[in-house]
Amino acid sequence: MMSEMFPNVIWENIWIATRETLYMTAISLVATFFIGILLGLLLFLTSRGQLWENKFINIIIAAFVNIFRSIPFIILIILLIPFTRIVVGTMLGASAALPALIIGAAPFYARMVEIGLREVDKGVIEAARSMGAKTSTLIFKVLLPESMPALVSGITVTAIALVGYTAMAGAIGAGGLGNLAYLEGFQRNNNDVTLLATILILVIVFIIQFIGDAITSKIDKR
Amino acid sequence: MITLSNVSKIFRSGGASGDSIKAVDNVNVTIKEGEIFGVIGYSGAGKSTLIRMLNGLETPTEGSVTVAGNEVSRIKGARLRKARQDISMIFQHFNLLWSRTVFENISFPLEIAGVPAAERKKRVEELIKLVGLDGRANAYPSQLSGGQKQRVGIARALANDPKVLLCDEATSALDPQTTDSILDLLVDINHRLGLTIVLITHEMHVIRKICHRVAVMESGRVVEMGPVLDVFRNPAEQITKRFVQQVTEPEETKEAIEHILHQYPNGQLIKLSFVGDSADNPLITQLIRSFSLEVNILQGKISQTQNGSYGTLFIHINGNADEINRAIEFIKGQQVGVEVISNDE
């Protein structure tokens with residue numbers, strides 16, 4: 001029945017492509033999470049009235065974040081080709097997509113982290129300071145736990161954006177479902193392959209959204 | 001325990017205009033160990049800034065602040081953080097971490113102080129009992145009422161055995177009944193642990209109920225200061241009189257007096273104020289027995305303060321003019337304050 005609906009689909013290739021998409025999304029997501037939180041924290045802490053208020057550093061990070069967030073992803077990949085060659089050694093395959101995915105997504109997530117941190121109750125920060133908390137305590141025991149629902153829903157949105165980015169990266173040779181849909185589907189006029197790749201990407205996105213929502217509502221005790 | 005000498009705080013608002021606001025203006029206060037000291041003022045009077053200088057959340061522009069042997073206004077970094085463990089604070093909006101349970105919230109200052117986990121558990125359990133929150137250890141703040149949240153705030157503030165407890169409008173977000181139960185808890189803690197308490201408020205009720213001494217603040221300055229009972233008896237400043245009236249004279253009194261003056265054109269309307277022991281004397285009985293007067297009691301109220309009771313009584317007396325004057329002289333001899341409201345004769 002499946003082979004009647006999708007006559008041109010080679011199932012082994014679908015499986016490989018799905019794994020590649022998941023691989024690219026997962027690795028870049030983990031890296032984006034840490035880099036985004038780091039950048040977001042720096043953005044927050046160096047802003048006006050905060051603990052490490054520093055106009056200079058704040059402007060530098062904000063500029064970096066804004067620039068990389070604004071470049072369309074397909075152009076970012078091309079601009080990063082020399083960088084990727086140095087870091088990964090090749091321009092082909094799933095791993096070659098990672099630098100661009102991370103550099104494209106981390107600044108996007110950093111802004112969401114910053115917004116989440118701004119929403120932490122100032123009174124709670126003051127209370128922690130009045131107890132004699134160090135900055136590291138403030139970060140790991142107040143700022144991050146108190147903004148965790150925003151951080152999780154932010155990473156969910158970022159993960160879904162990343163799935164989309166992997167499809168674009170696929171179009172220029174990184175593999176994955178995007179690559180499959182473009183080369184085997186579009187170029188060879190096999191519409192069933194394109195359709196199946198789309199369905200699989202949708203399924204991945206829905207699963208990510210479901211997991212993200214479930215975690216957010218579980219940890220939000222407000 | 002706490003000394004503020006010549007403390008001023010000037011806030012410079014941003015921008016080129018260079019405007020500055022003197023939030024606290026040359027304040028000198030000494031607070032003794034074990035005392036409950038109240039600071040009352042309307043919003044914007046500078047009391048919030050003042051209390052934040054006691055734990056170094058604000059640094060004074062001039063002057064020095066010493067708390068429990070540490071010059072809080074000068075020390076920085078690790079020494080200031082250490083000093084803050086002796087100076088706890090509770091807040092109007094409780095400022096609990098929503099992501100932590102009651103138990104974990106109370107445990108937080110102990111984690112900051114580096115207390116081992118087993119000891120933390122024991123201490124938190126004691127504190128939960130002390131503030132009357134048995135059985136709520138695993139609840140999250142969102143599941144608690146305002147009063148319960150403030151109890152968590154108090155337990156958290158007491159965790160590291162502080163020497164001083166600062167209360168920043170700690171009851172202003174609570175209803176009257178809950179306010180009283182929290183105030184009772186503070187007095188209880190003050191007695192049991194000998195803790196010095198500094199509180200700021202805009203409600204005279206809070207001062208009356210638990211404070212030993214009070215400072216009245218207006219536009220950054222302390223305009224009046226003294227034992228609560230003295231301030232109640234002889235408020236010198238206009239603002240202080242207004243605060244005292246919050247407690248002693250309900251709104252209706254004024255209307256009632258006008259009505260009475262109108263209704264009884266003869267005789268005298270007198271306001272008596274009793275302080276301490278004199279509040280317990282059977283003055284009215286003596287008055288009726290010794291003088292041939294008609295005495296009509298209009299309104300009365302006795303307020304309990306930490307240094308004794310304070311009462312006001314409005315009476316109307318009627319009779320022979322000489323007799324009335326002799327009666328007033330007699331009352332003055334009884335250590336009772338007399339104020340003739342008006343005379344329509």
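Into which domains is chain B divided? In this predicted model, for which local features need pLDDT of at least 70, side-chain atom pairs count only at pLDDT 80 or more, and totals for chains, interfaces and linings use all residues, chain B comprises domain 1 (2-247) and domain 2 (251-342), the bounds being taken from an automatic or database domain assignment. Residues are numbered from 1 along each chain as its sequence is written, while chains are lettered from A and ligands numbered from 1 in the order in which they are written.

The C-alpha centres of domain 1 and domain 2 of chain B are separated by 39 Å. Eleven residues of domain 1 and ten residues of domain 2 of chain B take part in the contact between them, where two residues are in contact if their C-beta atoms, placed from the backbone, lie within 7 Å. On the domain 1 side, α7 (204-210) and α8 (228-233) of chain B are the elements that give two or more residues; the largest share, four residues, is supplied by α8(B). Helices (H or I, at least four residues) and strands (E, at least two) are DSSP runs, numbered from the N terminus. By residue class, this side of domain 1 of chain B has eight nonpolar, one polar and two charged residues; Ala, Val, Leu, Ile, Met, Phe, Trp, Tyr, Cys and Pro count as nonpolar, Asp, Glu, Lys and Arg as charged, and the others, Gly among them, as polar.

Chain B also contains an open sheet of four strands in the order β2-β1-β4-β5, with antiparallel pairing; two strands pair if DSSP finds at least two bridges between them. Strands β2 (20-31) and β5 (70-71) of chain B each have a single partner strand and stand at the edges, so one side of each is left without a neighbour in the sheet. Between β1 (residues 2-12) and β4 (residues 62-67) of chain B, which run antiparallel, there are five bridges. Thr3(B) is placed opposite Thr66(B) in β4(B).

In chain A, an unreviewed UniProt entry lists several spans as "transmembrane region", among them residues 22-44 and 56-81; such annotations may be inferred rather than shown by experiment. Residues 22-44 of chain A are 100% helix and 0% strand, with end C-alpha atoms 31 Å apart. For residues 56-81 of chain A, the corresponding separation is 30 Å, with 88% helix and 0% strand.

Asp192(A) belongs to helix α11 (residues 191-219) of chain A. Asp192(A) is partly exposed, with 13 other C-beta atoms within 10 Å; a residue is buried if 20 or more other C-beta atoms lie within 10 Å of its own, exposed if 12 or fewer, and partly exposed in between, with C-beta atoms placed from the backbone. Not counting residues up to four places away in sequence, Asp192(A) touches Phe6(A), Pro7(A), Asn8(A) and Val9(A).
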